[in-house]
Amino acid sequence: MRTEHLQYLLEVIRCGSINKASQKLFLSQQQLSKIISSLEEEFHTPILVRTSKGILVTPEGKLIVEKICPLLDEISALQKDFSAKSTPNIEGTICIYKEPSIVSDMFAQLIHEILTIQPGIHIKVIESYFCNTLLALEKDEAQIGIVHLLEQQQALIPDKFEFIPVLLRVPAVYAATNSNFCRHHNSTSLKALLNEPLIDYSISNQDNDFLNSLFHAIGTPQIKSSIGNLNSLLDILKEGNFLYIGSSPAKHHPVIPDITVVPIRDKLPIIQGLILPKEFESNPLIQFFLQKYLNFFEKFR
């Protein structure tokens, strides 16, 4: 019996639905259902009852939950205690240039984990597109760049930097709600979006390298508005008048209130990765961030 499977059970109960829990845990409903069934077999008793309105916890399930919650808390406390003792304290400031995204919950989780383990680290995050990120790295204004690239763009990275692919074949997505386009399409192509009004999440004085690369061989999209403020962008998307194009890992199901995220069918070789100085091995702060970043995104591969 694996402790993470017990955590999954608690998440299902908290959500009241296997479907909702599967989205939060980045698992398919089928996988999660199998895990719950295996727990019921190991405990030799039904734990959950599936209904059309969600799940109900059996009396035996309530007893199991009552017993495992303190146990899981103790295990978690032990892990944190030994992790803190085995991890040397690291102090310093690290500047990260990162492409803007309306799906930022994963990165927020990662930063929270890092700062919990190493409170002496100060992390500065600046939104930036690919070419400007390279410029900041060249000038030593940034230590790490987090980018989404098409395969051919890798050739633009100078030899003095190391590119570490983290997620391969990241799908492109569009986001909006209440629009006729969203209501009638479960997926789309970039060509179909050429005739739709698009909104660009822009950064002052920077070209959106990612959007330009996506449409390079197809045509010129109709950019009806460029917004540099995330709250304003989300408000406009909720009105359903515009579509925003970005990317999201295949195993991540972003939940953005009142906004629908739909995949783009084009087979685009999008890679999410890190650009680092080649001598990063000598910098304990960069090494620590890299290790945590790779471990965190392992579940999305």
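Arg-50 comes out as partly exposed, with a relative accessibility of 40%. Here, buried means under 20% relative accessible area, exposed means over 50%, and partly exposed is what falls in between (1.4 Å probe, protein chains only). The model is a predicted one, so to speak of local features takes a pLDDT of at least 70 and side-chain atom pairs count only at pLDDT 80 or more, while totals for chains, interfaces and linings use all residues. Residues are numbered from 1 along each chain as its sequence is written, and side-chain values use heavy atoms, with hydrogens and water left out.

What does Arg-50 pair with in a salt bridge? The partner is Glu-40, with N to O at 3.7 Å; a salt bridge is taken as a side-chain nitrogen of Lys or Arg within 4 Å of a carboxyl oxygen of Asp or Glu. Glu-40 sits in helix α3 (residues 29-43) and Arg-50 in strand β1 (residues 48-51), so this pair ties together parts that are 10 residues apart in sequence. Helices (H or I, at least four residues) and strands (E, at least two) are DSSP runs, numbered from the N terminus. Glu-40 itself is buried, at a relative accessible area of 15%.

The structure holds 3 salt bridges. As a general point, side chains of opposite charge can pair when their charged atoms come close. Arg-14 and Glu-11 make up one of the pairs, with 3.0 Å from N to O. These two residues are 3 apart in helix α1 (residues 3-15), which means that about one helical turn separates them. Arg-14 is exposed at 58% relative accessibility, whereas Glu-11 is buried, with a relative accessible area of 14%.

Glu-138 and Lys-160 form a salt bridge too, and their closest N and O atoms are 3.5 Å apart. Since Glu-138 belongs to helix α6 (residues 130-138) and Lys-160 to the loop between β5 (144-150) and β6 (161-167), the contact ties together parts that are 22 residues apart in sequence. Glu-138 is partly exposed at 38% relative accessibility, and Lys-160 is partly exposed with a relative accessible area of 46%.

On to the backbone. Most residues other than glycine have a negative phi. Asp-140 is not a glycine, yet its phi is positive, at about 65 degrees. Asp-140 is found in the loop between α6 and β5, and with a relative accessible area of 59% it is exposed. Asn-205, not a glycine either, likewise has a positive phi of about 65 degrees. Asn-205 lies in the loop between β8 (197-201) and α9 (209-215) and is exposed, at 81% relative accessible area.

Then there is an open sheet, built from 3 strands in the order β10-β7-β11 with antiparallel pairing. The edges are taken by β10 (244-247) and β11 (260-263); each has a single partner strand, so one side of each is left without a neighbour in the sheet. Ignoring direction, neighbouring strands are turned by 35 degrees against each other on average, where axes are lines fitted to C-alpha atoms (for helices over the stretch in contact) and angles run from 0 to 180 degrees between N-to-C directions. Strand β7 (residues 172-176) and β10 run antiparallel and are joined by 4 bridges; two strands pair if DSSP finds at least two bridges between them. Within β10, Ile-245 is the residue that stands opposite Tyr-174.
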